[in-house]
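Visitor: Hi, could you walk me through this one? I'd like to go piece by piece.

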Amino acid sequence: ILESLSSSLFYFRFILFSIGIYFLLDENILLLKYFLYIGLVSLSLLFIDSIFQLVVGFNLLGFPYESGRVSSFFGDELIMGSYCVRLLGIFLICIFRLLISSFF
């Protein structure tokens with residue numbers, strides 16, 4: 001139990017980071033929109049590049065498709081899925097905040 005607790009103890013930092021971004025962008029709706037647009041454009045480019053890398057065999061920067069996993073712009077580091085999943089919490093908070101502010 002102690003080993004599993006020590007390896008997963010610091011995952012609460014992602015929740016704290018998402019809450020911190022929420023409080024930072026809570027009052028400034030324009031900044032929230034820009035943050036959301038920039039994030040959506042960057043994730044869209046990442047997904048387009050990863051599909052291109054999967055189909056063609058190399059991505060837009062020339063990194064080859066190896067070992068059955070797509071790396072996209074991250075090169076040799078196979079962290080694309082982890083990057084996308086960790087940003088999901090921030091984007092969900094942004095989307096919900098924009099929806100709430102548009103109704104009220």
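Visitor: Where is Leu40?

Guide: Leu40 sits in helix α3. Helices here are DSSP runs of H or I with at least four residues, strands are E runs of at least two, and both are numbered from the N terminus. This is a predicted model, in which local features need pLDDT of at least 70 and side-chain atom pairs count only at pLDDT 80 or more, while totals for chains, interfaces and linings use all residues. Residues are numbered from 1 along each chain as its sequence is written, and side-chain values use heavy atoms, with hydrogens and water left out.

Visitor: Is Leu40 buried, partly exposed or exposed?

Guide: Leu40 counts as partly exposed, at 41% relative accessibility. Buried means under 20% relative accessible area, exposed means over 50%, and partly exposed is in between, with a 1.4 Å probe and protein chains only.

Visitor: And how far apart are Leu40 and Ser8 in space?

Guide: C-alpha to C-alpha, 29 Å lies between Leu40 and Ser8, which are 32 residues apart in sequence.

Visitor: OK, helix packing. How do α3 and α4 cross?

Guide: Their axes come within 10 Å and cross at roughly 145°. An axis is a line fitted to C-alpha atoms, for helices over the stretch in contact, and angles run from 0 to 180 degrees between N-to-C directions. The α3 and α4 crossing is left-handed. Left-handed means that the near helix is turned anticlockwise from the far one by less than a right angle, and right-handed means clockwise.

Visitor: Which residues meet there?

Guide: From α3, they include Leu36, Leu40, Leu43 and Ser50, and from α4, they include Met80, Tyr83, Cys94 and Arg97. Contact means heavy atoms within 4.5 Å. The residues of this α3 and α4 contact divide into 17 nonpolar, three polar and two charged. For those classes, Ala, Val, Leu, Ile, Met, Phe, Trp, Tyr, Cys and Pro are nonpolar, Asp, Glu, Lys and Arg are charged, and the others, Gly among them, are polar.

Visitor: What about α2 and α4, what angle do they make?

Guide: Helix α2 (residues 12–24) and helix α4 (residues 80–103) cross at roughly 30°, with axes that come within 9 Å. The two are therefore roughly parallel to each other. The cut-offs are under 35 degrees for roughly parallel, over 145 for roughly antiparallel, 65 to 115 for roughly perpendicular, and oblique for the rest. This crossing of α2 and α4 is right-handed.

Visitor: Who meets whom in that pair?

Guide: Phe14, Phe17, Ser18, Ile21 and Tyr22 of α2 meet Arg86, Gly89, Ile90, Ile93 and Arg97 of α4. By class, the α2 and α4 contact has six nonpolar, two polar and two charged residues.

Visitor: Let's move to the core. In the largest nonpolar core, which residues touch the most other members?

Guide: Leu43 and Cys94 do, out of 13 residues. The elements giving two or more residues to this core are α3 and α4, and α4 supplies the largest share, seven residues. A nonpolar core is a set of buried Ala, Val, Leu, Ile, Met, Phe, Trp, Tyr and Cys residues joined through side-chain atoms within 4.5 Å. Leaving aside neighbours within four places in sequence, Cys94 is in contact with Leu25, Leu32, Phe35 and Leu36.

Visitor: And what does Tyr83 contact?

Guide: Beyond neighbours within four places in sequence, Tyr83 is in contact with Leu43, Leu46 and Phe74. Tyr83 is partly exposed, with a relative accessible area of 35%.

Visitor: Which residues does Met80 touch?

Guide: Met80 touches Leu46, Ser50, Val70, Ser71, Ser72 and Phe74, not counting residues up to four places away in sequence. Met80 is buried, at a relative accessible area of 14%.
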